[in-house]
Amino acid sequence: MAVKNFPIEAGHIMMFARSIGDTNQIYYDAEHAASTDQGAIIAPPTFVQSSAQFEPDYFLRPKIGEAWFGSGKTPTGITKKEGGSGGGGGLHAEQHYVYHLPIQLGDQLTATTKPGKSWNKEGRRGGKLMFSESVTEYRNQKGELVVTATGVGVRTEHPATSE
Amino acid sequence: MALQASRVKVGDVYQEEVCNNLSRTQIVQYAGASGDYNPLHTDEIFATQVAGYPSVFAHGMLSMGMTGKMLTNYVGDGRLTAYSVRFTAQVFPGATLTAKATVTEIREVDGDMIADMAVSTTDEEGVEVIRGKASARLDP
């Protein structure tokens, strides 16, 4: 994954804060935010995840004019291949953030991702579990590292539920 | 508003309810804001008939985001230095989640006071859905 331009926009922060049920006015009200010690609207701690919106080929967003694997006339819009994942391209097992500098309204971030470790584990119900790590570095318009995000994904042979 | 070093000690606990009767619509809101439109989270027909799950379920990152709201309410804005979680159980519509931070250590790093916290989010049946840790810079 690489994101060339992830603009930190007020409407996007507002919608993100609403979606996590966060009423903190520092995410909504520029005047209030200016009166805090942060001095401006800032991004919530997990906001960088939404850089997916600015990743041209992000696979979990329908592409205009292309078949989508969610339901339409039939339960899935694509022909299901034998084997592979339990559905939906794997699950998210862990997420780690290290915060180096604040992200403020008006920042222009870039992101680069490199693969990390990968390992297998025998699951209790889902069969073999295949874990893989990816490390994304977010930098601001000055080239400063603002957040390091490490995601761990897991693919299962069968649907994994907690039951 | 930020947490002050003089007012925090190891063993302190802060917790809050971060969602009540989680709606499918809130999951849709998170999909729209985050850009993760995986139909496992928003498309009941796909989730049940194609992927074989009992229902749609929340993005792990929605639970992490809601848990992060508890953390920023506790430590203050722009104070987190690290935040990590493991997703230990799926969160289905209807869940009511309570997120809790427990101070495990207070240490000095380059003149700043840092609090380390254990993080745990549980559902209404006491099942832990997130287990993690976070660190925050404290005000003097």
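The model is predicted.

Chain A contains 2 helices and 5 strands. Read along the sequence, these elements follow the order β-α-α-β-β-β-β. Of the 163 residues in chain A, 42% are buried. Among the contacts of chain A with a separation of 6 or more, 60% are accounted for by residues 24 or more positions apart. The accessible surface of chain A is about 8900 Å², and carbon and sulfur atoms supply 53% of that surface.

Chain A also meets chain B. In this interface, 43 residues of chain B are in contact with 47 residues of chain A. The size of an interface is often given as the accessible area lost when the parts come together. For chain B and chain A, the buried area is about 3700 Å², with 57% given by carbon and sulfur atoms. On the side of chain B, the residues that lose the most area to chain A are B:Ala33, B:Met61 and B:Asp77, which together give 15% of what that side buries.

Polar interactions also cross this interface. There are 17 residue pairs in polar contact between chain B and chain A, counting pairs in which both residues are at pLDDT 80 or more. The elements of chain B that give two or more residues to the side touching chain A are helix H1 (24-34), helix H2 (44-50), helix H3 (60-75) and strand S2 (80-87). By class, this side of chain B comprises 22 nonpolar, 15 polar and 6 charged residues.

Side chains of opposite charge can pair when their charged atoms come close. Over all chains, the count comes to 8 salt bridges, and between chain B and chain A it is 2. Another salt bridge joins the side chains of B:Arg86 and A:Glu94, at 3.6 Å from N to O. This pair crosses between chains, with B:Arg86 in strand S2 of chain B and A:Glu94 in strand S2 (residues 91-99) of chain A. B:Arg86 counts as partly exposed because its relative accessibility is 42%, whereas A:Glu94, at 14% relative accessibility, counts as buried.

Salt bridges also occur within chain B. B:Lys9 forms a salt bridge with B:Asp12, and the closest N and O atoms of this pair are 3.1 Å apart. B:Lys9 has a relative accessibility of 54% and therefore counts as exposed; B:Asp12, at 16%, counts as buried. A further salt bridge is formed by B:Arg24 and B:Glu44, whose closest N and O atoms are 3.3 Å apart. This pair links distant parts of the chain, since B:Arg24 lies in helix H1 of chain B and B:Glu44 in helix H2 of chain B, 20 residues apart. B:Arg24 is partly exposed, with a relative accessible area of 45%, and B:Glu44 likewise counts as partly exposed, at 29% relative accessibility. Finally, A:Asp37, B:Arg79 and B:Asp139 are joined into one network by salt bridges that share partners.

Methods:
Residues numbered from 1 in each chain as written. Chains lettered and ligands numbered in written order. Predicted model: local features only at pLDDT ≥ 70, side-chain atom pairs only at ≥ 80, totals over all residues. Heavy atoms only, no water. Helix = DSSP H or I, 4+ residues; strand = E, 2+ residues; numbered from the N terminus. Buried < 20%, exposed > 50% of the residue type's maximum accessible area, 1.4 Å probe, protein only. Contact = heavy atoms within 4.5 Å. Areas by Shrake-Rupley, 256 points an atom, 1.4 Å probe, with all protein chains shown as cover. Buried area = accessible area lost by both parts, 1.4 Å probe. Salt bridge = Lys/Arg side-chain N within 4 Å of Asp/Glu carboxyl O. Polar contact = N/O pair within 3.5 Å; in protein donor to acceptor, adjacent residues only side chain to side chain. Nonpolar A, V, L, I, M, F, W, Y, C, P; charged D, E, K, R; others polar.
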